[in-house]
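Biologist: I would like to learn how to read a few features of a model. Please give the general idea each time, then the case at hand.

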Amino acid sequence: MKEDNCLHAALICLGMLYYSHAITTEKLNHVRPSLHGHHEKGKEGQVLHRSKRGWVWNQFFVIEEYTGPDPVLVGRLHSDIDSGDGNIKYILSGEGAGIIFVIDDKSGNIHATKTLDREERAQYTLTAQAVDRNTNRPLEPPSEFIVKVQDINDNPPEFLHENYHANVPERSNVGTSVIQVTASDADDPTYGNSAKLVYSILEGQPYFSVEAQTGIIRTALPNMDREAKEEYHVVIQAKDMGGHMGGLSGTTKVTITLTDVNDNPPKFPQSVYQMSVSEAAVPGEVVGRVKAKDPDIGENGLVAYSIIDGDGMDMFEITTDYETQEGVVKLKKVLDFETKKSYSLKVEAANVHIDPKFISNGPFKDTVTVKITVEDADEPPVFLKPSYIFEVQENAASGTVVGKVHAKDPDAANSAIRYSIDRHTDLERYFTINADDGNIKTMKALDREEIAWHNISVFAVEVHKQHQEAKVPVAIKVVDVNDNAPKFAAAYEAFVCENARSNQQFITISADDKDDAANGPRFIFSLPPEIIHNPNFTLRDNRDNTASVLVRREGFSRQKQDLYLLPIVISDGGLPPMSSTNTLTIRVCGCDSNGSLLSCNAEAYILNAGLSTGALIAILACIVILLVIVVLFVTLKRQKKEPLIVFEEEDVRENIITYDDEGGGEEDTEAFDIATLQNPDGINGFIPRKDIKPEYQYMPRPGLRPAPNSVDVDDFINTRIQEADNDPTAPPYDSIQIYGYEGRGSVAGSLSSLESATTDSDLDYDYLQNWGPRFKKLADLYGSKDTFDDDS
């Protein structure tokens, strides 16, 4: 506590000295004009007034973190016009005035009432004013000044991170930069050495060093080996006050990891590897594994294996298992213990990636000898051939030798072998085999036409080791012999016309033989010797395995004989040849003059009194034609009576109708069809109106029904006129209805107004009065102009 008071007192003294020096300097360096000054001649005769400075302050200083019992004197305000009689009052305003800074209004002394922290606020701007105590009249203009908080070393350095992590390759040269650490100090860097930092290493020697000014950490030892030590923990200190005694400090931890480089070659832990493999092993089977150790990691530790020498290079191969970094020795070909019992290999392990910087540490590879012993295995018998093919003639006697199979024991014991046939491949038991010598014989006669090839399997089993067996396929071909005579290729049935001509060909026949081609064609066709001079038919061999049958005489009669049987002899080309006699059935038929077949029935020919077939067909055709004519006549009659269009009640109005055909005039009433008056548009139930649409719908009056289509024209028109007269919504509109049929022979001309004159004065309908009572209504509507005007 005593030391703290002494320190505070010393700081106060320093502050006062500094303040006095500042005031003196301020008075020497600054001049303020006054009202009471002397004149000074300036440029161009201008008179300047200069007076003694009496009321200017630039700045004061106060030491931060002062904790003394009394307020700290910051400075004193004083005006030159202050005579000390107490009439002047000093006023302080601005940042912190009255709270942090207080002023004695009589003496002008300024004190700091609170402890200040420069790191929170470095300076305060205040304004001083001198006024008359009695009248508060300003005696001096306001003067602004600054109070700076004087820094002391009260903040230790702090690093940006509490922990740093860095990597550097192993075997790096001395002085290799690893990482830069940075610390900061909150103290004022412009005043004293409070913020001047110096870096030093507390832990991590002698492997690393740090630059005092920059904080860069560098390697300090050469050839640091990752395999020896991979991670280092370094403690760095930052100290202010330039590193001198009394300065504050801060520390940080840096974890430095050595990264791997390929500086170690692979090494086999032993010089020779011993392996063994059974001769029964199949190619691709793993024999063993070798591994070269490489302390490097990642791609620097990758090792590839290869066989570079040895008598087993053709029998074995090696691959690399990159997950375990092992070399896998595998069998490449089938082994035989009886042929060679051991092999030797020279295997090399080499790094995949080599760093040129460390090539001098090489070579980055190593070799080892691998000795492989072949173990004897109890092998099954082995046939001398992978398959056998034998031949035997068909129809051979039972017990005929087909062929012989042979197998041996590959083992050194050379055990005796017994043979058997797999009965699943010879269900009919055509063959048998001698169990001791492997001779295969027939057990029954074979028929090539039934089975041309027999495929069986033969087992070979060691006598003393029944579980050791081998199997071989045996194909037996049945050799053909000429044991089948040729026959007709089809069931032929020939037809000959009664009016056939001599030497006329009427059928061509061919043959078929079940035997092989060597014992089949060429076929020879002939007639038996006893009928070689047959009076009815003869045979001609075409020498292409076909024969033609011809008529020898003219004229046959179904009444006398309608069926002939002709025997034909067919011989094949086998040795010795075989032949057969086949019968051809020939039927006599009736034909027309062109030779077209008509009938082969003999009974129909006996009915001479009856009609011929042609006559019957003609009669039937006539009957059919008559029926068709009757049906067409009836159909047309019905269609003529049926109306073409169905009228709606509102379809008929007082319209002008145009026809193309006028019929036979007014006298032709029976032949007139009321349907011709109907609008063709009404066929689909829709008859368009070409006049003004009524404002409301017309409900048909009860009792009024459309007239039938087949009634007289007069009744039809009268009915429609009555409907129109009684329809309040349908006055006599001037509508034009055009029809495509007007009839022929009418004494009246066309009623169409399309060819009428264009003016009313040209229209003359007086002739309508002469048409009779049927056209009275039209005469009244379209009479003389005077009559029309009177009616209207």
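The dialogue below goes through salt bridges, a helix, a surface patch and some backbone angles.

Biologist: What should I know before reading any values?

Modeller: This is a predicted model, in which local features need pLDDT of at least 70 and side-chain atom pairs count only at pLDDT 80 or more, while totals for chains, interfaces and linings use all residues. Residues are numbered from 1 along each chain as its sequence is written, and side-chain values use heavy atoms, with hydrogens and water left out.

Biologist: How many salt bridges does a search of the whole structure find?

Modeller: A salt bridge is a side-chain nitrogen of Lys or Arg within 4 Å of a carboxyl oxygen of Asp or Glu. The search finds 18. One of them joins R121 to E95, with the closest N and O atoms 2.6 Å apart. That pair links distant parts of the chain, 26 residues apart. Another pairs R289 with D321 at 3.4 Å; R289 is in strand 20 and D321 in strand 22, so parts 32 residues apart in sequence are tied together. Strands (E, at least two residues) and helices (H or I, at least four) are DSSP runs, numbered from the N terminus.

Biologist: Why do the buried residues of helix 4 line one face?

Modeller: An α-helix has 3.6 residues a turn, so residues three or four places apart point the same way. Helix 4 covers residues 713-725, and its buried residues are F716, R720, I721, E723 and A724. Seen down the axis, these fall within an arc of 160 degrees, so they line one face of the helix; the arc is that of the directions from the helix axis to the C-beta atoms.

Biologist: Which residues form a nonpolar patch on the surface?

Modeller: Patches are made of residues with over 30% relative accessible area and no salt bridge; like charges are joined within 9 Å, nonpolar side chains (Val, Leu, Ile, Met, Phe, Trp, Tyr) within 5 Å. Here I619, L620, I623 and L627 form one, with about 390 Å² of accessible area together, by the Shrake-Rupley method with a 1.4 Å probe, counting only the protein chains shown as cover for residues. I623 lies in helix 3.

Biologist: Which peptide bond is cis?

Modeller: The bond from Q205 to P206 is cis, with omega near 0 degrees. As for phi, N503 has a positive value near 65 degrees without being a glycine.

Methods. Expected span 1.5 Å × (residues − 1). Buried < 20%, exposed > 50% of the residue type's maximum accessible area, 1.4 Å probe, protein only.
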